[in-house]
Amino acid sequence: MINRMFEIKNKLVLLFKWGILKLVTKSGLAFAMVFIVIAGSFTGIAVLSSVESKEIEEVTCADEIDESFDSQANADIQELENPVLAEAEEEVSFYDSVAIAQVDTYVNVRSGPGTDNDIVGIIRNDCAATIISEEDGWYKIESGNVEGYISAEYFLVGDEAEKKAREVGYVDATVTADVLNVRDGQSTDSAIITSLIKGQECDVIKYGDEWVYLLVDGTKKGWVSMEYVTIDVTFETALTLEEEAKRVAEEAAALAAEQAAQTSYTTTSTKTTTTYTYEETEDKAQLRAQVVDYALKWVGITPYSHGLDLYSGTDCSGFTLLVYQKFGYSLPRSSSAYGSVGTTVPLNLNNLLPGDILYSYGHVAIYIGNGQIVHARRPGVKVSVQSWTVCSWSSARRIIN
């Protein structure tokens, strides 16, 4: 009998909860409360008619449950009246606190909001910072080992920062599932290309609708559900005055060593005097192979930094410079200058040769053959080999002609 009583009660509870929602929507809170009173009374009558007098104690218990439910119903109604629900709160984006520097070369980071404050570091173009606060048109930022102030006019923020960050940041996805299928479309119905295991990292190429497009093992591309990966975005950051001084000193030392090691000779075949910065060899293919072999020696060894040393660290242009310097070549320190070095090569695999330099604004790499490159990829990653498709290249440059 008692089981039957609670079965009746549960059905009535569902009925008047549905009624509450309808009445709150159409008629307001007052009508809803009337409905609760009527439905509650009706529930009590139905329960009493379903049990014998000896079951009064159980009915009393059921009435207490009714009171508890009425309290919950009132809380539900208050929640309906309150438009600020936890579920409706605006999602906070990672990029809301990220600012991207947009300057010609670099801008000073100062100890306070104003140009009369001391310089504590520098931040270069396209480097990122975390905004801590804003004061009188200045951002207090944290970037690398630098904390200080920069005028807000030198930063992109909000949607513009997010768009720029996706261009200049280094985005990785780390698999959180034990096994994750990589598919050729944004659906579990799409064909499986390959599978990833927990902890595996891949470069993010672009974002889809709850899916993300990855470069896997430098050769395969496909979609995975964002539910099963964590996204990590890293950027180049500001330098302290000490870090900048060290970088400048390393560049000067490298330049002096380069000038001391240069070997020159004269050719008269074209009735001009040409100075070469390497020891000429009859077999250019052999020289290209030597360049590639030397570059590969540093894979997994050279960390990424703003320095100019293959042991302590360097960046993409520094790595390329140091590799070619070994063979007597003089190349630019800035990646932006590589668009005009050497001679232009058609940008396709049929024309590329080992040792050619691939260039895009902000990045350079050395082509090693078979559709692969070796480069100083990004902060936090040592020199590595990847598919040449990891970047959208602007041009290919041939140094060994």
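**Cores, a buried serine and some salt bridges**

Let's start with Ser143, which sits in strand β5, residues 138-143. Helices and strands here are DSSP runs, H or I of at least four residues for helices and E of at least two for strands, numbered from the N terminus. Before I go on, the ground rules: this is a predicted model, local features need pLDDT of at least 70, side-chain atom pairs count only at pLDDT 80 or more, and totals for chains, interfaces and linings use all residues. Residues are numbered from 1 along each chain as its sequence is written, and side-chain values use heavy atoms, with hydrogens and water left out.

So, is Ser143 buried or exposed? Buried, with a relative accessible area of 2%. By buried I mean under 20% relative accessible area, with exposed over 50% and partly exposed in between, using a 1.4 Å probe and protein chains only. What does the side chain of Ser143 find in there? One of its polar atoms lies 2.7 Å from the backbone oxygen of Ala128. Setting aside neighbours within four places in sequence, Ser143 is in contact (heavy atoms within 4.5 Å) with Ile123, Ala128, Ala129, Thr237 and Ala238.

Now the cores. A nonpolar core, for us, is a set of buried Ala, Val, Leu, Ile, Met, Phe, Trp, Tyr and Cys residues joined through side-chain atoms within 4.5 Å. The largest one has 31 residues, and Phe319, Tyr324 and Tyr338 have the most contacts inside it. Which elements each supply at least two residues of this core? That would be α6 (284-296), α7 (316-325), β19 (357-360) and β20 (363-369). Helix α7 gives the most, with 6 residues. Look at Tyr324 for a moment: leaving out residues up to four places away in sequence, Tyr324 touches Val291, Tyr329, Leu331, Gly355, Asp356, Ile357, Ile366, Ile399 and Ile400. Apart from that core lies another, of 22 residues, including Leu180, Leu214, Val224 and our friend Ala128.

On to salt bridges, meaning a side-chain nitrogen of Lys or Arg within 4 Å of a carboxyl oxygen of Asp or Glu. How many are there in the whole structure? The search finds 8.

Glu244 and Arg124 make one, at 3.0 Å, N to O. Glu244 is in helix α5 (residues 241-261) and Arg124 in strand β3 (residues 119-124), so this pair ties together parts 120 residues apart in sequence. Glu244 is buried at 14%, while Arg124 is partly exposed at 24%.

Next, Lys164 and Asp126, whose closest N and O atoms are 4.0 Å apart. Lys164 is in helix α4 (residues 158-168) and Asp126 in the loop between β3 and β4 (128-135), 38 residues apart. Both Lys164 and Asp126 are buried.

Then Asp203 and Arg377, at 1.9 Å, N to O. Asp203 lies in strand β11 (residues 201-207) and Arg377 in the loop between β21 (372-375) and β22, so the pair ties together parts 174 residues apart in sequence.

Last stop, β22 itself, residues 384-387, where we find Val385. Val385 is partly exposed, with a relative accessible area of 32%.

Methods: Polar contact = N/O pair within 3.5 Å; in protein donor to acceptor, adjacent residues only side chain to side chain.
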